[in-house]
Amino acid sequence: QNKTLNDLTFKIAKRVNFNNMHAIYGFNASTNIAHLYVPVVQEADILLPQTEEFGGPKQVVVPVGVDQDPHLRLTRDIAAKLNEEYGFLAPASTYHRFLTGLTGDKMSSSKPNTAIYLNETPKQAEKKVKSSKTGGRETLDEQKELGGRPDECVIYEMLVYHLVDDDKELEKIREECMNGELLCGHCKVHAAELMKDFFEDLKVKQEESVEIAESLFD
Ligand code: SF4
C-alpha cells in the first residue's frame, strides 16, 4: 500500500509545477519543499482508493472542511491528467462546518481539553462539558442585564448539533439566554446531564455492536 501511495505521489508531483502551487496555495520562493509536498501527498491519498489495489476506478466522495477545497480542485485536475493511465474519475466532495473546540479554539485530536472522545466515560464527558467555554458575560449582573451570546457559546453549539432535537426547545434556550433569563451555570448542568445520558446510551450500543461483530466471526 505504501509503495502504491509513494508511486502515485511521485506521478502526481511530476504533473504539478511551481506556478500551479503559487496560483492555488500562494506558495512563494521562501516556501520550504516539505510544505510544497504536503498537497501532493494529500492528492495521492484522495486518489488512492481508485488504484488497482483498492478495486480500480470508482466514484469517490470526500467529506472535507471548506479550507480543503483547493486540494480537491487540484485533485480533480490531476485525475483528468492521469485518466488515461489509471482511469481515475474526478472525485466529488462535500463541505462541512467544523465544531468549535471545547476551549473556544480549534478542536484537535491531539489536545484532549478541546474535544470529547467517544471512548471516554460518561463521567469524563460530563466533566468536559462543565468546563467548556460559554458565551456568558463577566459577571452575573452583566449577564442578567445584557444577556448571553449563544452564537459564541460552545455549550449552545453542543445543544444544537448533538443534544437537543427539538427546534422549539432550542429557540427557547436561545431566547432565554439572550434576554438574560438563563444563566450559564444552569445551562451547563443541563447540557452536561444530556451529554452523560448520550454517552451512557452510546456505551450500551458499543457493547451491543461488539457482540454483533463477534457473532459474525463465530
Ligand atoms: S446561558 Fe447557555 S447558551 Fe447562553 S451563553 Fe450561557 S451557556 Fe451559552
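**Aromatic rings and a ligand shell**

Reader: Is tyrosine 86 buried, exposed or partly exposed?
Author: Tyrosine 86 counts as partly exposed, because its relative accessibility is 24% (buried is under 20% relative accessible area, exposed over 50%, partly exposed in between; 1.4 Å probe, protein chains only). The model is predicted: local features need pLDDT of at least 70 and side-chain atom pairs 80 or more, while totals for chains, interfaces and linings use all residues. Residues are numbered from 1 along each chain as its sequence is written, and side-chain values use heavy atoms, without hydrogens and water.

Reader: And phenylalanine 88, buried or exposed?
Author: Phenylalanine 88 is buried, since its relative accessible area is 2%.

Reader: How many aromatic pairs are there?
Author: There are three aromatic pairs (rings of Phe, Tyr and Trp, its six-membered ring, with centres within 6.5 Å; planes under 30 degrees apart are stacked, over 60 edge-to-face, the rest tilted). Tyrosine 25 and phenylalanine 27 are stacked because their ring centres are 5.3 Å apart and their planes lie at 20°. Tyrosine 86 and phenylalanine 88 also form a stacked pair, at 4.6 Å centre to centre and 10° between the planes.

Reader: What about phenylalanine 27, buried or exposed?
Author: Phenylalanine 27 counts as buried, because its relative accessibility is 10%.

Reader: Changing topic, which residues are around the ligand?
Author: Among them are Thr134, Gln143, Tyr156, Leu183, Cys184 and Cys187 (a heavy atom within 4 Å). Two elements, α8 (154-163) and α10 (184-217), each give two or more residues to this shell (helices are DSSP runs of H or I, at least four residues, numbered from the N terminus).

Reader: How many charged residues are in the shell?
Author: The shell has no charged residues, but eight nonpolar and four polar ones.

Methods:
Ala, Val, Leu, Ile, Met, Phe, Trp, Tyr, Cys and Pro count as nonpolar, Asp, Glu, Lys and Arg as charged, and the others, Gly among them, as polar.
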